[in-house]
Amino acid sequence: MTEAVTVKIMSPEEIAARQVGDVPPIRFADTARVFADRETRLRQLAAGHPMRDYLIFMADVAAAQQGALSAPRVTALPSEQALGEAARAGVAPLAPTLVRRGTEWRDDLNDILAALLPRLSAGPARDTVLALQAADVPELERQADRLLAGVMLGLDLGQAPLIGAALQVYWARLVAHTQAQYPELAFGRVDDATRCPCCASGPTASVIRLGGTDTGSRYLHCSLCQSQWHMVRVKCARCESTRDITYQEAEAAAGVAQPTTAPPRGAVRTESCGDCGHYLKIVSMEKDAHVDPVADDLASVTLDLLVSESGTQRHGVNFMLLFGAPDDGGSP
């Protein structure tokens, strides 16, 4: 029987004080391998997993995403003036509400669908791919608008992971090209530390890094552009409270969940906030160097079910598997 084991961290200041050194505020996605690494992790997690078929399908999606991201596409970038205005306003310059989405995202979607179709036998997944290939442009754009705005009304939950996959490719490329064109101007601190400083989207999960000066540091992983931004540990990623933070991880045990001060044993756990009543998952490279925030979040749905039993609501957004209405009806 799987139970949730709760861990109470007593001193936020103590952990924050350990984060010394020149920690990069933003870690941009490595566009040469970000989705390929996710594919590898998903296939690893799929072995013996109850959701094996879905994880394998998502691994195929990740492989198709990497192929689409590798395609030579010209993406319109924001102007230097627009970047400067965003910096002065303290907002993310590539927020979907600020930039006009180019049609290239539909080219990415077409590439992803074309790569998936030969791998699919008759069934719901193949039907979804065929339906998307036949969909008209206005409907695709409406679905993309709803997904980016976190609007569940009218959103096709079967098509959403594939539309989200294409949008991730588009925004990962947009961030990479903007950073290459304006390395000193494009991205910096924003007023809302809970949102991606590149595209203003919310996180899927956070990751405890391993290697270099940021070993042991916590980064939030963007649900859209795949960038990561630094946030000190033992701090709610939604309301930034440090008062009532608890941790839970899935354990194979009998009986009820018991609070414990033991260190985490697994690579995935949740960070719950008593002030706002929400949680976000944390994946630890210190426990498994190959963790991927999106893949490991997807493979640990059981933990979501366990934590939700306490009434705590999920904060993280994973386009690959949406949980009901996104938090507050706002953007991902």
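Modeller: The second largest pocket has a volume of about 410 Å³. This is a predicted model, where local features need pLDDT of at least 70 and side-chain atom pairs count only at pLDDT 80 or more, while totals for chains, interfaces and linings use all residues. Residues are numbered from 1 along each chain as its sequence is written, and side-chain values use heavy atoms, with hydrogens and water left out.

Biologist: What is a pocket, and what is its volume?

Modeller: Rolling a probe the size of a water molecule over the atoms shows where empty space is left. On a 1 Å grid over the protein atoms alone, a pocket is an open set of points where a 1.4 Å probe fits, with protein on both sides within 12 Å along at least five of seven lines; lining residues have an atom within 4 Å of a point. Points are joined across faces, edges and corners, and the volume is the space filled by probe spheres set on them.

Biologist: Which residues lie nearest the centre of the second largest pocket?

Modeller: They are Asp53, Tyr54, Phe57, Leu120 and Ala125, out of 24 lining residues. Helix 3 (52-70), helix 6 (124-134) and helix 8 each supply at least two of the lining residues, and the largest share, 7 residues, comes from helix 3. Helices here are DSSP runs of H or I, at least four residues, and strands are runs of E, at least two, numbered from the N terminus.

Biologist: How does the lining of the second largest pocket divide by class?

Modeller: There are 15 nonpolar, 4 polar and 5 charged residues. Ala, Val, Leu, Ile, Met, Phe, Trp, Tyr, Cys and Pro count as nonpolar, Asp, Glu, Lys and Arg as charged, and the others, Gly among them, as polar.

Biologist: And how much space lies in the largest pocket?

Modeller: About 570 Å³. Of its 22 lining residues, Arg33, Asp37, Arg209, Val291 and Asp292 are the closest to the centre. Helix 2 (residues 34-46) gives the most to this lining, with 6 residues.

Biologist: Is cysteine 222 buried or exposed?

Modeller: Buried means under 20% relative accessible area, exposed over 50%, and partly exposed in between (1.4 Å probe, protein chains only). Cysteine 222 is buried, at 0%.
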